[in-house]
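Hi everyone, thanks for coming.

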Amino acid sequence: PDELFEAYTGWWKRRYGLDMSRNDMAYSIGVMPSISSMIRCMTDVGDEILIQSPVYHVFYYVIEDNERKVLENELVYENGEYRIDFDDLDEKLSRVGMMILCNPQNPVGKIWSKEELGQIGELCKKHDVILISDEIHCDFVYPGFEHTMLPVLAEEYLDHIIVCTAPSKSFNLAGLQLSNIFIPDDKLREAFQKELMRIPYDESGTLALVAGK
């Protein structure tokens, strides 16, 4: 319904400066089922998919359960915080077709800077890698820090970027099963929506739609 679309787009625009068109958005029952569908329709069995450990453990399961292989770009812990080894990331992105980013990072709580996100986007563009950004925790940022949605940074990344969001964390609505997926590239969005149609639980219920708006 229009009210749900307007609620979503208004929220992301006011808080993070992201403009979404209705055509760029897809809906599903959750972020992880969505990522699972993307893995199936955008990679092949046996492919490596890059994640940055330590990270949410379900990332491992969703890759391995779909018969793909995990490739880790391990975060470096020093001086009390985590950072990205960009040389290692550059080398490993040359071997994969997909990267799953956690932004903000769960469980280490890292808020990636605009500079860090820009480097990630540039490397994914360089190596023609699809970048899935799980931003479900974006509203849980402490004062003094700012969350940046990756598509805001540069238009040249948009044909490689998918952003996964949901009201489930911010508003405690996980049980209602609703997520909204931002996919600006037409081919990627069509492939994702086609894959969703192959599973018997691709649509959210009426209560989820009402709560979401």
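**A buried charge and its surroundings**

Okay, let's start with Glu135, which is buried yet has no salt bridge; the nearest side chain of opposite charge, Arg15, is 11 Å away. Before I go on, please keep in mind that this is a predicted model.

So where does Glu135 sit? Find the loop between S7 and S8, and you'll have Glu135. And which side chain does the side chain of Glu135 make a polar contact with? That's Ser133, at 2.7 Å. If we skip residues up to four places away in sequence, Glu135 touches Asn103, His147, Thr148, Met149, Leu150, Val163, Cys164 and Thr165.

Leu101 belongs to strand S6, on a face with Met99. S6 and S7 run parallel, and five bridges join them. Follow the chain from S6 through H5 to S7 and you trace a β-α-β crossover, a right-handed one.

Let's stay with S6 for a moment. Is this strand enclosed by the rest of the structure, or open? Strand S6 covers residues 98–102, and five of the five are buried, so it is largely enclosed. In a regular strand, side chains alternate between the two faces of the sheet. Here both faces are covered: Met98, Ile100 and Cys102 are buried on one side, and Met99 and Leu101 are buried on the other.

Next, salt bridges. The general idea is that side chains of opposite charge can pair when their charged atoms come close. How many salt bridges does the count come to? The count is 14, and I'll pick out a few.

One of them joins the side chains of Arg22 and Asp2, with N to O at 2.6 Å. That pair links distant parts of the chain, 20 residues apart: Asp2 is in helix H1 (2–16), while Arg22 is in the loop between helix H1 and strand S1 (25–28). Arg22 counts as partly exposed, at 42% relative accessibility, and Asp2 is partly exposed too, at 44%.

Another one is Lys13 with Asp19, at 3.2 Å, N to O. Are these two buried or exposed? Lys13 is partly exposed at 41%, whereas Asp19 has a relative accessible area of 54%, so it is exposed, given that the cut-off is over 50%.

Then there's Asp159 with Lys125, whose closest N and O atoms are 3.1 Å apart. Asp159 lies in the loop between strand S7 (130–134) and strand S8 (161–165), and Lys125 lies in helix H5 (residues 114–126), so the pair ties together parts that are 34 residues apart in sequence.

Last stop: Asp185, in the loop between strand S9 (179–182) and helix H6 (186–196). Which residues does Asp185 contact, leaving aside neighbours within four places in sequence? Leu158, and our friend Asp159. Asp185 counts as partly exposed, at 21% relative accessibility; to be buried, it would have to be under 20%.

Technical notes:
Residues are numbered from 1 along each chain as its sequence is written. This is a predicted model: local features need pLDDT of at least 70, side-chain atom pairs count only at pLDDT 80 or more; totals for chains, interfaces and linings use all residues. Side-chain values use heavy atoms; hydrogens and water are left out. A salt bridge is a side-chain nitrogen of Lys or Arg within 4 Å of a carboxyl oxygen of Asp or Glu. Helices (H or I, at least four residues) and strands (E, at least two) are DSSP runs, numbered from the N terminus. Buried means under 20% relative accessible area, exposed over 50%, partly exposed in between (1.4 Å probe, protein chains only). Two strands pair if DSSP finds at least two bridges between them. A crossover is right-handed if, with the strands pointing away from the viewer, the path from the first strand over the helix to the second runs clockwise. Lys and Arg count as positive and Asp and Glu as negative; His and the chain ends are not counted. A polar contact is a pair of N or O atoms within 3.5 Å; within protein, one must be able to donate a hydrogen and the other to accept it, and residues adjacent in sequence count only if both atoms are side-chain atoms. Contact means heavy atoms within 4.5 Å.
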